[in-house]
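Please look through the sequence and the structure below before reading on.

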Amino acid sequence: MTAAHRYDVAVIGSGPGGHAAALAAARRGLRVGLIEREAWGGVCLNTGCIPTKALVTVARFIRGLQRAQALGVTIRGYDVDYPAVVARSRRIIATLQRGITDLLRREGVELVQGSASFEGPHRLAIAQPQGTQAIEAERIVLAVGARPLPGPWTFDEERILSYRGLLALAGAPKTLLIIGGGVIGCEFASCLSAFGTQVTLIEQQAQLLPAEDPDAVRWLTRRLEACGVTVLTGTTVQRLERTADGVAATLSSGAQVSAERCLIAVGQQPNLEPLQLSAASVAHGRGITVDAALRTSQPHIAAIGDCVEGHGLAHWAGAEGALAIRSLLEGSSEPLDADDVPWCVFADPEVARIGPLQARAGERVRASRFSFSALGKSHCDEETEGFVKLLIEEETDRVVGATIVGANASSLIHYAVLARRHGLTARQLAETITAHPTMPEAITEAAAAFYGESVCVAARATAGSSR
C-alpha cells in the first residue's frame, strides 16, 4: 500500500449528493478527495434520472405525433429507431459527465477512482486495478447510494430485470411485466407503452403511487389504461419464473401473466457492504444511522442520500450534501424539512407534490382546486387533463402544500415550492400577474378560486374550496 493521501474532507460517491458535498467543501478552501468506484456522476446520471428522462422525452414526442390529427396535422407514418434513441441518451450522459468532472476539477476537488472501505475511523483503503491506495481524512461524507432490490427473486438482467438492465436493452420489449407501481414502475409503464410495449403493471397496495394524492393517481391510472397499460392493484406476484420465451407470473388472484421480460421495481438496498463500516464503528441497520444534521455515530462522519435509506430523490441528496458539510464543519445546522422537498413523477401525465397530502394536513387546512380544462393554453396545447390543488391554512392563508397532475407538473410545482418555503399566502399568489395564455395561470387561478375570484368562467364549476 502506498503512503496515505491526506484530505480535510473525503467524500465517497459522486452522485448528486456526493458531488454537491465535495463542491461545498472545496469552496470553503478545504482539500477534498472525491472517491467513485463506478462512473462519475453516480446512478442518477448514468443509470437513473437522466437516461430515463431522455426516454420520457422521446415517448412524449411519440404521443404528440399520435395526437397530431387533433391539431389538424396528418402524420403518414413514422418509425422509432430504438438504438438511436439509446445512443442519444448515452451522448447526453457523456456530455453531462464531462461537465461534472470539469467543474469538480476546476474547483480543486481531487478525483479518486476506486472502491473505498474503512480501515479505521479516519482511514480508508481505496481498491484500484493497480493496487490499494490509502487515504486519511479529518472528515468523511458517505454518499454511496443504493441498488435495486430483487424482492424474493433474482435479477438475471436478461429476462428478470432491474431498471439498469431495462435501460441497457437494445430494443423495447414487445411485452413487459412490471412488479411495483411506485415512481419507477409508473414512469417505465408510461414511457414504454408509447414505444409500443404491451405493459402489465402490478402494485400490491390499493392504488399506484401509494404515498401520493388519490385524486392525482386516478388521473394517472386512467391515462395509463387509455394507453394500453393493464393496471392491477391490490395484487401480488406469488410465483415468477423464466420460460423458453420470457417470464410467467402467477398472481395472488390465481391469474397468469406472461411477458417477454419482467422489471422488478419494489425498492432499493443501501450499498453498505463494501464500506466495512464496523472498522470505523459507524452504526447502521438497513441504512446508515444519522441524526437530524446527518452525522453518524462518529461525529466526523456524515451520511447522505440513499445509503441512509429513505427518499430516493437526487435533488434532496444534493441539499443533504451541502447540509452535511455545514454539520461537519460548524457542529450544528438546521435540518431539512421533508415537506419542503418537491416530489415528481415523470409519467404521462406528470404528477408533482410539495408539502403534506390533504389527508394528513389537518382540519385547519382547506383545498382549492383548479382544472386545466378551464385554461386557454391547455386547450391550445391539447393538454387539458389534470388539475392544480393548493392546500391553504385557514388561519393564516399560507400555502402549505400542493399537488399538480397534468402536463408540465414537474415544472409548475416550483411556484408552490417557493410559496411554501417563503411563507406566501394564497392572496399573494392570487395577486401575482402571470402571463396569458400560459400554464402557470393555473397556479394563480387556483389561489384566486380560494376566495371565489377566479376569472376563468369555466373553472367555477370545477374549481373552488373544499374541506
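A residue is called buried when its relative accessible area is under 20%, exposed when it is over 50%, and partly exposed in between, using a 1.4 Å probe and protein chains only. By this rule, Cys-262 is buried, because its relative accessibility is 0%. The model is a predicted one, in which local features need pLDDT of at least 70 and side-chain atom pairs count only at pLDDT 80 or more, while totals for chains, interfaces and linings use all residues. Residues are numbered from 1 along each chain as its sequence is written, and side-chain values use heavy atoms, leaving out hydrogens and water.

**The chain as a whole**

- The secondary structure comprises twelve helices and 23 strands; these are DSSP runs numbered from the N terminus, with helices (H or I) of at least four residues and strands (E) of at least two.
- The radius of gyration, taken over C-alpha atoms, is compared with a globule rule of 2.2 Å times the number of residues to the power 0.38. For 467 residues a compact globule would have a value near 23 Å, and the chain agrees with this at 24 Å.
- Along the principal axes, the C-alpha atoms fill a box of roughly 75 × 60 × 40 Å.
- Of the 467 residues in the chain, 52% are buried.
- The chain exposes about 20700 Å², of which carbon and sulfur atoms supply 51%; such areas come from the Shrake-Rupley method with a 1.4 Å probe, and for residues only the protein chains shown count as cover.
- A contact means heavy atoms within 4.5 Å. Among contacts between residues at least 6 apart in sequence, 64% join residues at least 24 apart.

- Strands of a sheet pair through backbone hydrogen bonds, either parallel or antiparallel. Here, two strands are taken to pair if DSSP finds at least two bridges between them.
- An open sheet of five strands has the order β8-β15-β9-β10-β11, with parallel pairing. Its edge strands, β8 (160–161) and β11 (230–233), each pair on one side only.
- Strand β9 (residues 175–179) runs parallel to strand β15 (residues 261–264), and four bridges join them. Ile-178 stands opposite Leu-263 in β15.
- Helix α6 (residues 183–194) lies across β9, β10 (198–203) and β15, and runs at about 165° to β10. Such angles run from 0 to 180 degrees between N-to-C directions, with axes fitted as lines to C-alpha atoms, for helices over the stretch in contact.
- Ser-190 lies in helix α6 and is buried, at 4% relative accessibility. Leaving aside residues up to four places away in sequence, Ser-190 touches Arg-63, Leu-224, Ala-347 and Asp-348.

**The antiparallel sheet**

- Three strands form an open sheet in the order β12-β13-β14, and their pairing is antiparallel. Strands β12 (237–243) and β14 (256–259) are at the edges with a single partner strand each, so one side of each has no neighbour in the sheet.
- Strand β13 (residues 246–251) pairs with β14 over four bridges, and Val-247 has Ala-259 in β14 as its bridge partner.

**Cysteines and a buried loop residue**

- The structure holds zero disulfides, a disulfide being a pair of cysteine sulfur atoms within 2.5 Å.
- The closest cysteine sulfur to that of Cys-262 belongs to Cys-186, and the 15 Å between them is too far for a bond.
- Phe-372 is in the loop between β20 (365–371) and α9 (376–380), and is buried, with a relative accessible area of 0%.
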